Amino acid sequence: MPALDTPRTSSLELSEVAKMSNEEIMELAAESARRMASQAGLIVQLAGELDRREGWREEGATSLESWMVERIGVSVPTARALAHVGERLFDLPHLADALSSGDLSFDKVRAVVDAATPESDAELRDQAMEHSVRELTQLARSRRAPTPDDARGDHDRRSLRCNEAFRTVTAQLPAETFAEVRGSLEARARQLPSDGETPWDQRLCDAFVDLVRSGRRPGGTAPPFTVVVHVPMD
């Protein structure tokens, strides 16, 4: 594993950090991130070999993940991610070396590791150098054939959140549902009257509100609101 330059310091007092310039802080943060990636590379290499030997059994663990949770104090999701990447990198030397050298972060490697093959290993390593984690996740999905696990995962990740402070609605949908919702909203937006100057995103917003309101109307016409007025009986 290639060695990185010796770090300037292993820790800093808050007062020392406060005296640093923005450039110094950013350089040290980037250097520290490279070292963190390098250490993650070492951990996944060791974890992969330990799993192949089933060495975790020597300490009474039932799996590599459970051993990592108990022995190195990580969470179950973190242990699962480290173990999975360690297993996959055995046949992917280019991605493994890039992680161990600190050239790629653990998150970038994890984003592409399931789509990588020994034949595409070097290509994906190069693409990971240039793209963000989000872009790599999308790239990996486009290169990998969908599986039943993907569909279940998309379904389990579905969510809709309303932010009261900013009055926003954010939703994450499975691929097929997203296409259905988007198509329905766009079709409805095209049918709404427009002066030709209303931006498209505002028309989509109007279509969304109209869709919600129409679902509450009996027969899709009159709104189902009841108005109660308190007046003297006479």
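Tutor: Two residues are in contact when they have heavy atoms within 4.5 Å. This is a predicted model, where local features need pLDDT of at least 70, side-chain atom pairs count only at pLDDT 80 or more, and totals for chains, interfaces and linings use all residues. Residues are numbered from 1 along each chain as its sequence is written, and side-chain values use heavy atoms, with hydrogens and water left out.

Student: Which residues of α2 and α5 meet?

Tutor: Ala-37, Ser-38, Ala-40, Gly-41, Val-44 and Gln-45 in α2 meet Ala-96, Leu-99 and Ser-100 in α5. This contact has 5 nonpolar, 4 polar and no charged residues.

Student: What makes α2 oblique to α5?

Tutor: Helix α2 (residues 22-53) and helix α5 (residues 93-100) pack at about 130°, their axes 6 Å apart. Angles under 35 degrees count as roughly parallel, over 145 as roughly antiparallel, 65 to 115 as roughly perpendicular and the rest as oblique. So α2 is oblique to α5.

Student: Why is α2 called roughly perpendicular to α4?

Tutor: The axes of α2 and α4 (residues 76-88) cross at roughly 80° and come within 8 Å, so α2 is roughly perpendicular to α4. Ile-43, Val-44, Gly-48 and Arg-52 in α2 meet Leu-82, Val-85 and Gly-86 in α4.

Student: How do you know that β1 and β2 pair?

Tutor: Pairing takes at least two DSSP bridges between the strands, and 5 bridges join β1 (residues 159-163) to β2, so these antiparallel strands pair. Arg-161 has Thr-170 in β2 as its bridge partner. The hairpin has 4 residues between the strands, and Arg-167 takes a positive phi near 55° there.

Student: What lines the second largest pocket?

Tutor: Its lining has 18 residues, with Val-169, Ala-171, Val-181, Leu-185 and Phe-208 nearest the centre. β2 (168-172), α10 (175-191) and α11 (200-216) each give two or more residues, and α11 gives the most, with 6.

Student: What makes a residue count as nonpolar, polar or charged in that lining?

Tutor: Ala, Val, Leu, Ile, Met, Phe, Trp, Tyr, Cys and Pro count as nonpolar, Asp, Glu, Lys and Arg as charged, and the others, Gly among them, as polar. The lining of the second largest pocket divides into 12 nonpolar, 2 polar and 4 charged residues.

How values were computed: On a 1 Å grid over the protein atoms alone, a cavity is a set of points where a 1.4 Å probe fits but cannot get out, and a pocket is an open set with protein on both sides within 12 Å along at least five of seven lines; lining residues have an atom within 4 Å of a point. Axes are lines fitted to C-alpha atoms, for helices over the stretch in contact, and angles run from 0 to 180 degrees between N-to-C directions.
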